[in-house]
Structures are given as C-alpha cells and as structure tokens.
Amino acid sequence: MNNQIAKSWFVQVLILLGALAGALLIGAILLILAGSDPIKAYSIMFTGPIGSEFGLTETLVRATPLLLVGLGIVISFRSGILNIGGEGQILMGAITASAVALLLPGWPKVILLPLVLLASCVAGGIWGGIAGWLKARLAVNEILSTVMLNQIALQFYLYLIRGPLIDPQEVAYGTGVPQTAMVPEQVWLTRLVPGMRLHTGFILALILAIVVYIFLWRTTIGYRMRAVGAGPEASRYGGIRVEFYLILAIALAGAFAGLAGAVEVLGVHHRALESLSAGYGFSGIVAALFGRLHPLGTIPAAILLGALILGADMMQRAVNVPAAIVMAIEGLVILFVVSSDLLLRKPELLTRIFTRYISTRIKQTKEAGTGV
Amino acid sequence: MEDVISQGLIVGILATGIRLATPFLLAALGEMFTQRSGVYNLGIEGIMLMGAFMGFFVTWRTGNPYLGILVSLVVGALMGLLMGIVSITFKAEQGISGIGLYMFGWGLSGLLFRLYVGAITAIEGLRPLRIPGLSDIPYIGTIFFSHNWLVYLAYILVPITWIVLYKTTWGLKVRAVGTTPEAADTLGVSVDGIRYQCLILGSMLAGLAGAYLTVGQANMYADYITAGRGFIAVALVYFGRWSPLGILAGSLLFSMADSFQLWVQVLGISVPYELAVILPYVITIVALAVSFGRVWAPAALGRPYERGTRG
C-alpha cells in the first residue's frame, strides 16, 4: 500500500518534470529561432536565482504572490469553478489595502495591519464572488466573466492611481507618476534578511497553505466543496447546496488573490503602482496546476515558478532575451501538464505505448536478422 | 448647424461600429464552428495576438499586407493544430488548455515584438475599398461601403457560414459530432477528424481577426493589442447561441457600443477615459447574463470523445 503511494508520487513527479522539460525544450527552439543561444540563456536563467543570497531571497519574494494566488486557484478548481480572474482580484485587493492604510495613518499596527489584510481579502472576495454569483444564478460562464472582470478591475485601478488616489507629491512636483502615496510605515511587512526584499508575507503564505490543506481535507465545508467539484449533480442529490459552495469557492479564490495584492503592496512596493501585478494572476494558475491542485504541492511549484520568472528577468538583463519568453514557457507548461493528465488517468496507455514500441523494435531486429 | 453636427456624429458612430465589428465577426464565426463540433477553444485571444503580430511583421518587412494576412492564416492554423493535439488527441480539460494557449500566444507575440521591432512602428495597411456607385449614396455609402475588403469579407461570411453549417454534408457532420458523437462515430464519421478541421478553421479565422487589427485597422502593432477581444468573441458565440445571425447581432451590438464610447471620447465629453473603456466589458457580462435561461448548447461541448472499450 505504502509502496504503491510512493510509486504513484514518483510517477507524478516524473511526469511533471517531463512536462517542464518539454516546455523548456520548445522554449529553447523558440530561442534558437529568435537568434539567441539557448544554452547560454538557460544557464543564466537557472543559475541566477540559486547563485546568490539575492537570488535565493528574491525567488521567494516572487513565489509569495504565486503561492497565495495558487492556493485560491486550488480551492476554486477543486470545487469545479475555474477562476481566471486572479489578475483583477489582485488589483482590487492591492488598491483597497492601500486606500484603507492611507485613510487611517495614525492607527496602531496591531489593529491596522489585520484590518488592511482583511479589507483586501474582502475586496478580492467580492470581485471573485461576482463571477460566482453570475455562474450560480444566471449560468454565466465563469471563465468569460472573470476575464471581463479583469479588464474592468484594471481600468478602475488605473483610474484610481492616476486620479483620486494619486500621490499628492507627484501632483505637487508635476511628475505625475501614477502611484499612490507610501502607506504608513507601521503596516509594512517586516523584512526577514537584512538588505533583501524577502518579507513575512512568505511565511504567511506557507501557513495558509497548511490551513487550506486542513480546510479542504479535514472540514465538512471543504469536503462538500470537493464533492461539488467531483460531481455537482450527485452532490445536489446528496443535499449539498451546490450554488452556495460554487460562490463560496470562487469568493475564497478572490480573497486569496486580493491578499496577494495587499502583500505585494505592504511587503514589496509599500504603495500601489502601475505594474503591480506582473501576470501573477495567470502564473498562479500555472503554480496550482503544477502543484497538481494540492495546497502543499503548490508550495514547491510556486518556488520553482518564482525562480523561473526571476531567472527570466536576469536573462533579459544579461543576454538581452526579453523576459516575455517566460509567459510563453508558462503557457507551454500548462499545455504539457494538462496533456499529461491523460497518462495519469490511464497509466495503461504508457505501458501500451511502451510495449508497442518495444515489440516493433523486437520485430524489426528479428526481420533484420532473417533478412541477412 | 447643430443638426449637421449630430447627423455627422450618427454617421460616424455607425460607420465606425460597422468596422469595429469585423474582428469579432471573424473570430466568433470561426469559434462557432469549433464549438459546434464540441470543442471549446478559449485560446483564440492568444491566436489573435500571434495573427496580429505576424500580420503586422510581414507587412512591415515586405510592404505587402496580403502576404501578412496569408502568414497570419498559417500561424492561426498551426496554433489550432497545437490546441487540437492537446485537447482532442490528449483529451485535456479544454478550459485550462485554452488558458495555456492564450498565455503561449501572448508571451510569444510579446517576445517576438521586443526582439524584432522594439518600438511602435507604423505600417501601410489595407486601403479602403470604396464600392463604385454604392459608396456615393449619401450617409449609406459612408456607413456601409467605404471600408477595406476584410470588413466586407467578415459580413459576407455570415451567410456563407450559415449555408455551410445548415446546408452542406460537412456542416451536418459538424453538428452531429458536436451533439451526438457516439452516433456520428457509428455512422463512420471521424469525430476527431471533424473536430480537428473545425478547430483549425476557427483558429485560422482568429488569426485573420488578429491581422485585421494591425493591418486593417490600427496600421501598427502594440503590446496586447487585442485587449480581450478574443474572449469577447467567445462570449459572443454564447450570446449568439451558436448561430451566424445571432453572432452578427451580438457583434454589432457590441461594436456600436464601443464606437459610441470612442466618439464620446473624441468629442471631449468629460468622462474619465478609463471608465469609458470599461463599457464594452460591462456590456459583455450583461449580455451573457441576459441570454440566460437554459440556452441550447451543443450537447458534447467541452467533452473529449472517448470510444467505448475496444476489443
């Protein structure tokens, strides 16, 4: 029994690494077509993040929002509702966190910090919940509604940081950079390593990963959500209010993404600025899928992806290959991972391919033998 | 005097609206075939981005927009093939693989743009093709008959796709494969084959829709030029209930609202730019919400076909 579990884990990790290798291989072909040396580019991409204290801590800085968004994705995908709205939910969380912190500058840390974090969760949760409500009540496809909500949130966010919430100093100096003022210092998340950007948000994300695991597998609500994801009709017959759990699931996903936005503001930038979410809403999906939709699996997946994204930034500076390539590679990772699901569902296919290949090889050698 | 301005304004809004419907029509009519055959291609945003970039790039290098359009069709077909391998042959969850294809197209177009172009560059795209006689009719001529040929093509495709879908054997096979694949398979129709054909056809039209944005409309390429139009096109297929006429109605509703929003900005009415831009996306959500009520959909949509156990 234990042996079997260990074996299936081993197979899963092997297939995932195969998927990653496949994506990177196609990425290398793209690099060659783009006129770059893939070996040089990849060696910077892979050694950069692990080569120094800066690289290691910065990897975790990048992994933090990925892990938070990814945890929300795990909850929503497990419940059978696909949340593509992470990007918009991050921005709603970030701007709400900034606004609350800026409105109450004199409040003590013990009250203000939890309040700011909670506000961001509520904002992201509402933004996700809208899509959930539209799906549950009006049968609106959640993938389409969340994509539209992303665009709406982005424009709303830009409007706020260019207009009503712009840093008064930017206006006074006439520079007009679209960003809010610095949030009060007592809500900044503590930096963990002197001189580096790594902050307590990473620890918070790790704790929440364990919380989500317990929530999904050890509580009644979590069990019902997974039941809804596994079979909505059967759950309905079983007396589970499917609509309620769908809305709850995507609202929770939104809350996690909103929290990621707040953590980026409080831990990294200390203000809301234009390019706050560097595609984290989408990369979080990759992290969750690569973690096989398991909260604990998402931890190493987020760190691996954080390293990949950081590595691509370093590569851009060193060999002038645009970091946009990492988005293409992430897309390929998704395609490979979802394709490999077939092999996981039907392991006999692997043996069939294997035996067919072997048997033809044997046949060929035999024929070759008789031919001579 | 005011009368002249308001008349000119209405003609302007309508003419722009007719033009702006083009990419939605092209992409949504293609997606209609894909979904009718039972496959859900969410990645057309990514395909449109690649079509937009390649159309722009080839036109910029060769000075020939027709070559650019041709290449965008080829790129669309290749990306459709990729999507087919993942979601038909490997039977992957189509919603998620669509997101993967989207990110791939987005990243790749961004990569190629930064590597080979770098900055906003103007190209000479398609010229308006005024239809002799018709374009001289007051108002009507400006609104309907003063666009480039891709616009006319998009509208001509509405009756053509209707005929193909409802009046040809191939269209019948497409509908059969999308509703009762088991029955189609029994009758010797290759389910996966038809699905590949539809997916590749739809993807080619998405690539063309992308090329229209750069070669037929903006005459340049900018990062993420599609701005969610691919997703809106998918929404229009739902809104139009998988029929060419419904898609035409949806595309026009949408493009007219977009045109109105643009003209409001041009006239300098004091609405914050960002809030005006939101309008089309809000309308999409509302349109999806009101088309609710157990709408008919291809029964096998999103369900990979798996034959029963073989001997």
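A polar contact is a pair of N or O atoms within 3.5 Å; within protein, one atom must be able to donate a hydrogen and the other to accept it, and residues adjacent in sequence count only if both atoms are side-chain atoms. By this criterion, three residue pairs, both residues at pLDDT 80 or more, are in polar contact between chain A and chain B. The model described here is predicted.

## The interface between chain A and chain B

Several helices of chain A contribute to the side that touches chain B: helix H1 (2–33), H5, helix H6 (142–162), helix H12 (280–290) and helix H14 (325–345) each supply at least two residues. The largest share of that side, 13 residues, comes from H6(A). In total, 48 residues of chain A and 49 residues of chain B take part in the contact.

About 4,000 Å² is buried between chain A and chain B, and carbon and sulfur atoms give 80% of this area. On the side of chain A, the residues that lose the most area to chain B are A:Leu144, A:Met148 and A:Leu335, which together account for 15% of what that side buries.

One salt bridge is counted between the two chains. In a salt bridge at 2.7 Å, N to O, the side chain of B:Glu274 meets that of A:Arg162.

## Salt bridges

Side chains of opposite charge can pair when their charged atoms come close. Over all chains the count is eleven salt bridges.

| B:Glu274 | A:Arg162 | 2.7 Å |

A:Lys135, at 25%, counts as partly exposed.

Elsewhere, salt bridges that share partners join A:Glu58, A:Arg62, A:Arg197 and A:Asp313 into one network.

## Nonpolar cores

The largest nonpolar core has 201 residues, and those with the most contacts inside it are A:Leu266, A:Ile329, B:Phe53 and B:Ile99. Domain 1 (1–35 + 321–372) and domain 2 (61–309) of chain A both give residues to this core, so the core lies between them. Another core, of seven residues, lies apart from it; among its members are A:Leu60, A:Met196, A:Leu198 and A:Val268.

For A:Ile329, neighbours within four places in sequence are set aside; the contacts are then A:Ala23, A:Leu24, A:Gly27, A:Tyr42, A:Met45 and A:Leu308.

## Loop residues

In chain A, the loop between helix H4 (86–103) and helix H5 (109–138) holds A:Pro108. This proline is partly exposed, at 44% relative accessible area. A:Pro108 and A:Gln186 are 78 residues apart in sequence, yet their C-alpha atoms are 7.3 Å apart in space.

In chain B, B:Thr121 occupies the loop between helix H4 (94–116) and helix H5 (140–144). The side chain of B:Thr121 reaches the backbone oxygen of B:Ala119 at 2.9 Å. Not counting residues up to four places away in sequence, B:Thr121 touches B:Phe56, B:Trp60, B:Asn219, B:Met220 and B:Tyr221.

The loop between helix H9 (191–218) and helix H10 (229–239) of chain B contains B:Tyr224, and B:Ala227 lies in the loop between H9 and H10 of chain B. B:Tyr224 is not a glycine, although its phi is positive, about 55°. B:Ala227, also a residue other than glycine, has a positive phi near 45°. With 24% relative accessibility, B:Ala227 counts as partly exposed.

Terms used
Residues numbered from 1 in each chain as written. Chains lettered and ligands numbered in written order. Predicted model: local features only at pLDDT ≥ 70, side-chain atom pairs only at ≥ 80, totals over all residues. Heavy atoms only, no water. Helix = DSSP H or I, 4+ residues; strand = E, 2+ residues; numbered from the N terminus. Buried < 20%, exposed > 50% of the residue type's maximum accessible area, 1.4 Å probe, protein only. Core = buried A, V, L, I, M, F, W, Y, C linked by side-chain atoms within 4.5 Å. Domains from an automatic or database assignment. Contact = heavy atoms within 4.5 Å. Buried area = accessible area lost by both parts, 1.4 Å probe. Salt bridge = Lys/Arg side-chain N within 4 Å of Asp/Glu carboxyl O.
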